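I'm opening a new notebook page for this chain. The plan is to look things up one at a time and jot down each answer.

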Amino acid sequence: MAALFRGYRNFYKRSNRHVELTLVSCRSMASKTPVGFIGLGNMGTPMARNLLKHGYPVIATDVFPESFKELQDSGAQILDCPAEVADKADRIITMLPSSPNVIEVYTGPSGILKKVKKGTLLIDSSTINPAVSKEMAVAAEKMGAVFMDAPVSGGVGAASLAKLTFMVGGVEEEFNAAQELLTCMGANVVYCGQVGSGQAAKICNNMLLGIGMIGTAETMNLGIRLGLDPKLLAKILNMSSGQCWSSDKYNPVPGVMEGVPSANNYQGGFGTTLMAKDLGFAQDSATSTLTPIPLGSLAHQIYRAMCTCGYANKDFSSVFQFLREEGV
């Protein structure tokens with residue numbers, strides 16, 4: 001009887017092990033299915049590269065051919081247009097500059113929805129008007145696909161290190177499927193609610209970011225003109241009540257920190273034009289909801305002025321240089 005029991009127990013263990021191995025194999029096979037990626041700019045390229053690092057074959061495209069090479073050298077397959085990507089992949093991530101770009105990539109003549117497969121998961125990590133996200137979700141649903149908005153926070157550095165924060169809006173039942181991919185590119189993936197709620201969270205975050213950067217730039221400029229060493233002032237701020245992300249992680253004064261745009265003539269990072277765009281979304285949202293945002297409105301005007309004064313393509317932290325040189 002004991003021998004019979006041991007035999008049954010060993011058979012049960014082997015059977016369970018077979019089931020476990022089968023499940024692992026299925027998950028491994030699922031993870032190897034291609035992921036489409038559209039938009040290979042400063043953010044999109046490192047995000048797609050992190051998918052490759054996690055074993056996902058990437059099928060990508062961008063309107064600018066010069067953006068292909070780096071990712072292609074990393075092993076991605078490059079196609080000619082979004083529709084071709086949709087024909088090859090049933091999970092697609094988009095990372096685009098603005099609402100018109102998103103509309104074109106999804107609904108244009110060579111857009112994703114021209115060849116999208118039923119059941120395809122579409123994740124848009126662009127920062128756009130929440131109303132456009134809702135429009136794209138409706139258009140995708142008509143084609144049998146699922147659209148989720150998942151804008152990001154963290155900048156180029158966080159994108160390279162896979163430490164982005166994703167704010168996700170969409171059908172909650174699809175969140176786990178989106179999270180599987182997003183965790184390859186970010187440290188935080190937060191479900192915010194229905195489609196458009198991710199964009200709402202991002203707009204609020206970037207309004208605070210824009211205001212905070214201006215405050216840090218003003219403070220540093222004043223301290224320097226009072227004769228303080230900028231590194232010393234930054235150190236004091238970061239151990240005092242004035243400490244914030246802009247002073248501690250992304251200081252706008254050249255020479256204070258390494259590895260940030262201010263140390264590289266404000267190249268790379270998050271462009272002034274993009275900050276002005278996002279603050280415009282905040283202004284529109286504040287108007288539609290009757291919400292007073294006096295500092296947000298002023299920040300919007302400052303970044304818009306920067307765009308007309310030669311700072312459009314510089315990182316938004318160049319507001320320090322703008323305030324110092326323009327005397328605004």
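Below are my entries, going from the whole chain down to single residues.

**Entry 1: the whole chain**

First reminder to myself: this is a predicted model. I counted up the secondary structure and got 14 helices and nine strands. The chain has 328 residues, and 46% of them are buried. Then I looked at how far along the sequence the contacts reach. Taking contacts between residues at least 6 apart in sequence, 62% join residues at least 24 apart.

**Entry 2**

I started with strand S1, residues 35–38, and its pairing with S2. The two run parallel and are joined by four bridges. One pair I noted down is Ile 38 with its bridge partner Thr 61 in S2. Between S1 and S2 the chain passes through helix H2, residues 44–53, in a right-handed β-α-β crossover.

S2 also pairs with strand S3, residues 77–78, again in the parallel sense, with two bridges. Here Ile 59 has Gln 77 in S3 as its bridge partner. The link from S2 to S3 goes through helix H3, residues 68–73, and this β-α-β crossover is right-handed too.

Which way do the side chains of S2 point? Val 58 and Ala 60 point one way, Ile 59 and Thr 61 the other.

Thr 61 sits in strand S2. Is Thr 61 buried or exposed? Its relative accessibility is 2%, so I put it down as buried, the limit being under 20%. Leaving out neighbours within four places in sequence, its contacts include Phe 37, Ile 38, Gly 39 and Leu 40, as well as Leu 79, Asp 80 and Cys 81. Phe 68 is on that list as well, along with Pro 82 and Val 85.

**Entry 2: Glu 70 on helix H3**

Next I moved to Glu 70, which lies in helix H3. Glu 70 is partly exposed, at a relative accessible area of 46%. Its contacts beyond four places in sequence are Thr 45 and Arg 49.

**Entry 3: Ser 110 in a loop**

Where is Ser 110? I found it in the loop between helix H5 (99–107) and strand S5 (121–124). Ser 110 is partly exposed, with a relative accessible area of 38%. Leaving aside close sequence neighbours within four places, Ser 110 touches Cys 81, Pro 82 and Ala 83. Ala 83 is 27 residues away along the chain, yet its C-alpha atom is 5.2 Å from that of Ser 110.

**Entry 4: the nonpolar cores**

The largest nonpolar core has 35 residues. Which members touch the most others? My list reads Phe 37, Met 47, Leu 51, Val 58, Phe 166, Leu 182 and Met 185. I followed up Met 185: beyond four places in sequence, its contacts include Phe 37, Met 47, Leu 51 and Phe 166, and also Asn 50 and Lys 163. Apart from this core lies another one of 26 residues, among them Ala 217, Tyr 250, Met 275 and Leu 323. As background, nonpolar side chains tend to be buried together in soluble globular proteins.

**Entry 5: strands S8 and S9**

Strand S8 (residues 164–169) and strand S9 (residues 186–193) run parallel, joined by six bridges. Val 168 stands opposite Tyr 191 of S9. With helix H8 (residues 175–182), the two strands form a right-handed β-α-β unit.

**Entry 6: Lys 202 and the cysteines**

I checked the UniProt record, an unreviewed entry, and it places an "active site" feature at Lys 202. Lys 202 is in helix H9, residues 197–225. It is buried, at a relative accessible area of 4%. Leaving aside neighbours within four places, Lys 202 is in contact with Thr 127, Pro 151, Val 152 and Met 167.

Last, how many disulfides are there? I count zero.

Notes
Residues numbered from 1 in each chain as written. Predicted model: local features only at pLDDT ≥ 70, side-chain atom pairs only at ≥ 80, totals over all residues. Heavy atoms only, no water. UniProt positions renumbered as here; feature names shortened; annotations may be inferred. Buried < 20%, exposed > 50% of the residue type's maximum accessible area, 1.4 Å probe, protein only. Contact = heavy atoms within 4.5 Å. Disulfide = S-S within 2.5 Å. Pairing = 2+ DSSP bridges. Right-handed = clockwise from strand over helix to strand, strands pointing away. Core = buried A, V, L, I, M, F, W, Y, C linked by side-chain atoms within 4.5 Å.
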